[in-house]
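Subject: Structure handover

Hi,

Here is the structure I promised to pass on. Please load it first, then read my notes below.

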Amino acid sequence: MNGRMNNSLGSIVIDNNVIATYAGSVAVECFGIVGMASTNVKDGLVRLLRKKEDLARGISVYFDDNKISLDFHVIVAYGVSIRTIAANLVDSVKYKLESFTGMKVDKINIFVEGVRVID
């Protein structure tokens, strides 16, 4: 399902992939986020995604009554508080996504899929 907003001139429809890509680009700018994670359900493997084309693959977007919910699968930096990383990610994504789309962000779920040492 896509995000839809109606106004006096018509409708605005935002594709899930647009929101996922934008949210992914905001997420990788957050301190402590190494990258997005793609999970291979078949093998149970987690893979680090660093390319711009892969930013949306670690994110699931859901719409409910013109509210956005997001699931992030991330890999975090070793030695940084996961609570701090999560709070920073939620605050940044919520603010920037609401400004970008004009829609309300209802829920952001963060799944930490791995930890990496940063050089």
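A question to start with: does Glu29 count as buried or exposed? Glu29 counts as exposed, at 59% relative accessibility. Please keep in mind that this is a predicted model.

**Overall layout**

The chain has two helices and seven strands. Along the sequence they run β-β-α-β-β-β-β-α-β. Of its 119 residues, 38% count as buried.

**Core**

The largest nonpolar core has 27 residues. Ile19, Ile59, Val61, Ile68, Leu70, Phe72 and Val93 have the most contacts inside it. Six elements each supply at least two residues of this core: helix 1 (16-28), strand 3 (33-40), strand 5 (59-64), strand 6 (67-77), helix 2 (82-101) and strand 7 (104-116). In soluble globular proteins, nonpolar side chains tend to be buried together.

Leaving out residues up to four places away in sequence, Ile68 touches Ile19, Val61, Tyr62, Phe63, Leu97, Thr101, Met103, Lys104, Val105, Asp106 and Lys107.

**Helix 1**

The buried residues to look at in helix 1 are Ile19, Ala20, Ala23, Gly24, Val26 and Ala27. They cover an arc of only 160° around the axis, so they sit on the same side of helix 1. At 1.5 Å a residue, the 13 residues of helix 1 should span 18 Å, and the end C-alpha atoms are 18 Å apart, which agrees.

**Salt bridges**

The structure holds three salt bridges.

- Lys96 with Glu29: the side chains meet at 3.7 Å, N to O. Lys96 lies in helix 2 and Glu29 in the loop between helix 1 and strand 3, so the pair ties together parts that are 67 residues apart in sequence. Lys96 is partly exposed, with a relative accessible area of 33%.
- Glu98 with Lys94: the closest N and O atoms are 3.1 Å apart. Both residues lie in helix 2, four residues apart, about one turn of the helix. Lys94 is partly exposed, at a relative accessible area of 29%.
- Glu98 with Lys104: here the closest N and O atoms are 3.9 Å apart. Lys104 counts as partly exposed, at 46% relative accessibility.

Salt bridges link Lys94, Glu98 and Lys104 in a network.

**Backbone check**

Which residues should you look at for positive phi? One is Asp65, with a phi of about 55° although it is not a glycine. Asn66 is another, with a phi of about 60°, and it is not a glycine either. Asp65 is found in the loop between strand 5 and strand 6, and Asn66 lies in the loop between strand 5 and strand 6 as well. Asp65 counts as exposed, at 67% relative accessibility. Asn66 counts as partly exposed, at 41%.

Best wishes

Methods
Residues are numbered from 1 along each chain as its sequence is written. This is a predicted model: local features need pLDDT of at least 70, side-chain atom pairs count only at pLDDT 80 or more; totals for chains, interfaces and linings use all residues. Side-chain values use heavy atoms; hydrogens and water are left out. A nonpolar core is a set of buried Ala, Val, Leu, Ile, Met, Phe, Trp, Tyr and Cys residues joined through side-chain atoms within 4.5 Å. Buried means under 20% relative accessible area, exposed over 50%, partly exposed in between (1.4 Å probe, protein chains only). Contact means heavy atoms within 4.5 Å. A salt bridge is a side-chain nitrogen of Lys or Arg within 4 Å of a carboxyl oxygen of Asp or Glu. The expected span of a helix is 1.5 Å times one less than its number of residues. The arc is that of the directions from the helix axis to the C-beta atoms.
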